[in-house]
Amino acid sequence: MIDRYTLPEMGNLWNENYKLQTWLQVEIAVCEAQAELGYIPSSAVAEIKAKANFDPQRVLEIEAEVRHDVIAFLTNVNEYVGDAGRYIHLGLTSSDVLDTALALQLVASLDILSQRLEDLIQAIRNKAREHRYTVMIGRSHGIHAEPITFGFKLAGWLAEVLRHQQRLQTLRETIAVGKISGAVGTYANIEPRVEAIACEKLGLKPDTASTQVISRDRHADFVQQLSLIAASIERFAVEIRNLQKTDVLEVEEYFSKGQKGSSAMPHKRNPIKSERLTGMARLVRSHAGAALENVALWHERDISHSSVERVILPDACILTHFMLKEITNLVTNLLVYPQNMERNLNCYGGVVFSQRVLLTLVDKGVNREEAYTIVQENAHTAWNQASGNFRDLISKDPRVTQKLSAVEIETCFDPQHHLRYLDQVYQRLGI
């Protein structure tokens, strides 16, 4: 298990200093590999490791002149290292450094996201346990359907987030690859053994068959997986927004003391976190399209992907990280109103128990079409009246009372019938 307290904040993984630090990690790992194979002196590697450094501002100054970021970086590093610097970057091309270092950034980002996902899993599981038997109405098409529990609703969320956890584990293997194979990837000036040793030192595996770059289907996969997480968070947020509507009010975002909902209307308590998450999900998903466009590069390499990735990769990681923290906080502190759930469940005199009445009549020998007509007539009569009461109407309908006793009718309106097998779902999820 990753220790959450030793993880850096996501934004720190995507600043200029951290990026250049990963570049230096890659260069040193390659030097160490070269030395182990006897291609460069071990003393030179020791000197490089002792002296190698960089100044982000100085790198930018050099880049303004040479118009090449990696050359600017290497020039600055050599200003610190001196003569031993001639062994740095031997046989490499810029993408060897850029793509391998990017893998380090993406793996580090995934480690943080995985921990935040675990936090969300625990928050949902705890809330589901708390409300595993809190009865509420299930809805389809936005219309009352049949009874469920709030814990069951959360169980669906938990199962979805657990799938994301599995996806991130697979994704880490997909993205944790480096390439030290030179221009166009043929190892013409550096042998595969150097790549294997350097990648092992960096905690990566060599790419199976790189060109001058690591193929961008891996990076597209990365952004798509984050987009899926964002889509799930949006699903949860939209559900909370719907359940917080004034005329529903079954749950509500925590509203702190001193918080204000509207500059004009003092009574307002708005689902602002859920709305914010909905908006951010749109941004993360939009990056998936750009990542897919990056897959089709010219021949062995062009740099059309580079400018795009400078925006979408840090943005997707930072946004997803923030969204996970926000939804975890939202779920943890969510206000749940069982009394309102009960009120809504019994709206129109328990009209949502219509299927139980239907099936009980069929069980008593009534033709299904006839039973459906009887139940639907009473249900719609109740539905179309402000004070309609389906249970009363059913209890007074001779077509029903000729077949069902008062006890049998009452049994039809017991919500526990709908909850009989939910424990099996909870057990699957450890709730």
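This is a predicted model: local features need pLDDT of at least 70, side-chain atom pairs count only at pLDDT 80 or more; totals for chains, interfaces and linings use all residues.
**Entry 1: Phe353 and Phe413.** I then examined their geometry: the ring centres are 5.6 Å apart and the planes stand at 55 degrees, so I recorded the pair as tilted. The pair links distant parts of the chain, 60 residues apart. Phe353 belongs to the loop between helix H11 (338-345) and helix H12 (354-363), and Phe413 to the loop between helix H16 (406-412) and H17.

**Entry 2: helix H17.** I next asked which residues of helix H17 (residues 422-429) are buried. They are Leu422, Val425, Tyr426 and Leu429. These residues cover an arc of only 100 degrees around the axis, which puts them on the same side of H17. An α-helix has 3.6 residues a turn, so residues three or four places apart point the same way. On the other side of H17 I found Gln427 and Arg428 exposed. The buried residues pack against H5, strand E2 (143-149) and helix H6 (150-175). Gly430 follows H17 and has a positive phi, near 70 degrees.

**Entry 3: aromatic pairs.** I noted a count of six aromatic pairs. One of them joins Trp23 and Phe73 edge-to-face, with 5.3 Å centre to centre and 85 degrees between the planes. Trp23 lies in helix H1 and Phe73 in helix H4 (residues 69-81), so this pair ties together parts that are 50 residues apart in sequence. Both residues, Trp23 and Phe73, are buried. Ring pairs also link Trp23, Phe54 and Phe73 into a cluster.

**Entry 4: the largest pocket.** I found that Trp23 is also among the residues nearest the centre of the largest pocket, whose lining has 25 residues. The space in this pocket is about 630 Å³.

Key: Residues are numbered from 1 along each chain as its sequence is written. Side-chain values use heavy atoms; hydrogens and water are left out. On a 1 Å grid over the protein atoms alone, a cavity is a set of points where a 1.4 Å probe fits but cannot get out, and a pocket is an open set with protein on both sides within 12 Å along at least five of seven lines; lining residues have an atom within 4 Å of a point. Grid points are joined across faces, edges and corners, and a volume is the space filled by probe spheres set on the points. Buried means under 20% relative accessible area, exposed over 50%, partly exposed in between (1.4 Å probe, protein chains only). Helices (H or I, at least four residues) and strands (E, at least two) are DSSP runs, numbered from the N terminus. The arc is that of the directions from the helix axis to the C-beta atoms. Contact means heavy atoms within 4.5 Å. Rings of Phe, Tyr and Trp (its six-membered ring) pair if their centres lie within 6.5 Å; planes under 30 degrees apart count as stacked, over 60 as edge-to-face and the rest as tilted.
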